[in-house]
Amino acid sequence: MPTYANRMSEIKPSPTIALAQKAKELKANGKHIISLAVGEPDAATPEYIKLAAIKAIENNLTKYTPVNGVIELREAITRRYYNQKRLEYSTEQVTVGCGGKQVIFNALFASLNPGDEVLIPTPYWVSYPDMVKLAGGTPRFITCEDNGDGLKPNYQQLEEMINHKTKWLILNYPNNPTGTILSKQDLRKIADILLKHEHVQILSDDIYEHITFDNQITTNILEVEPRLYPRTFIANGVSKAYAMTGWRLGYGLGNKDLIKKINTLQSQTTYHTSSISQYAAIAALTGTDEFIKQHTALLQKKRDLIVNALHNNTKLCCTPPNGSFYAFFCCEKYLGKIKNDVDFATLLLEREGVAVVPGSAFGMPLYFRLSFALNEDTLKDACERIQRFCKNLIGH
Ligand SMILES: Cc1ncc(COP(=O)(O)O)c(C=O)c1O
């Protein structure tokens, strides 16, 4: 019998697995299932990026690369941060890994000791708490409140929760699952708290940075408070912005010493991400951002479609997301007809064949997340099904 590491009992399989399994079974039985549970754009990777990858293969750029990525890619990343945000990094302050996911994991694994705490605003991307636990740390959750402009951290609680064990605060805006963006004023409040606690580092997960609506721009906390530069680690990648989820390319920028440690860790695990993906990413990051503009404009229309259809025509509530391709709906008004968010998602799948992710997966029960990165006809079909489901729940 195989035996397992104790650390495996600390982490749980993705809470969406049971629902995904159910969706599979229903599909196998011939039911037409619409999945709004996906975490990736439906668009294809742009042609010019694919061509760069093909060229890399033809030019035999298919051997090992430096652990932290080829220099041209790291240069493209630093140039981009300077041009877009006036944030200056050297190529030694950049690491490239197999997706933003690995980069974030590496940063946590390279820095956390047992007992170290990581502050995570709730709702959160499903992977943060388990990554923290795998790295030996303790996740601590900050409540978010919605005052009409999306779920944002309770700043007083944030300050109260900081202690000598606090190692990181994770910021992820635009947020998965809510699509909320923090304003400069919000970031100012956070920065003022952090300036009082010099030992707290900031992990800014900016993976949805380019997907914003109504001409809003995402601000990084460093643009508001440059004094946080030495202790801020930015995680980003090409997955969401350029529809490149399968290429597995993410990057991080930060303190040279932390980057060195991350590179050492990566040199003993995956070594580096695919050379071909690296050349594709150079094309993405040095090309025009026409794809991002067009893709985001389409997503904005889809956001409006889904929010109008559900927020206005059911008892589901949602503050329209300012970015990302997710909407986070509250299903609390159906309590009594449903037991909880998992029950809501399970019944919706069984009765109407629509898959969504229950809010408890993100640490926030009584909500559910749906992705609107699907074609419009499918979204309209899904909205009709959800409307019918909600109507049938209350019986009229
Ligand atoms: C908030 C957030 N951060 C990071 C990632 C990692 O993305 P990737 O590993 O594809 O770069 C995701 C993916 O779903 C995400 O939602």
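This report describes a sheet, a pair of helices and a ligand shell in a predicted model.

## Basis of the model

Residues are numbered from 1 along each chain as its sequence is written. Because the model is predicted, local features need pLDDT of at least 70 and side-chain atom pairs count only at pLDDT 80 or more, while totals for chains, interfaces and linings use all residues.

## The sheet

An open sheet with mixed pairing is built from 7 strands, in the order β2-β10-β9-β8-β7-β3-β4. Strands are DSSP runs (E, at least two residues), numbered from the N terminus, and two of them pair if DSSP finds at least two bridges between them. The edges are held by β2 (94-97) and β4 (138-142); each has a single partner strand, so one side of each is left without a neighbour in the sheet.

Strands β8 (residues 201-205) and β9 (residues 232-237) pair in the parallel sense over 4 bridges. The bridge partner of D205 in β9 is A235.

## Two packed helices

Helices are DSSP runs as well (H or I, at least four residues). Helix α4 (residues 99-111) packs against helix α9 (residues 256-267) at about 105 degrees, with the axes 9 Å apart; axes are lines fitted to C-alpha atoms over the stretch in contact, and angles run from 0 to 180 degrees between N-to-C directions. That makes α4 roughly perpendicular to α9 (a term for angles of 65 to 115 degrees).

## The ligand shell

The ligand is surrounded by 13 residues, of which the closest are G99, G100, K101, G237 and S239; a residue counts if its C-beta atom, placed from the backbone, lies within 6 Å. Helix α4 gives the most to this shell, with 3 residues.

Definitions and conventions. Parallel < 35°, antiparallel > 145°, perpendicular 65-115°, else oblique.
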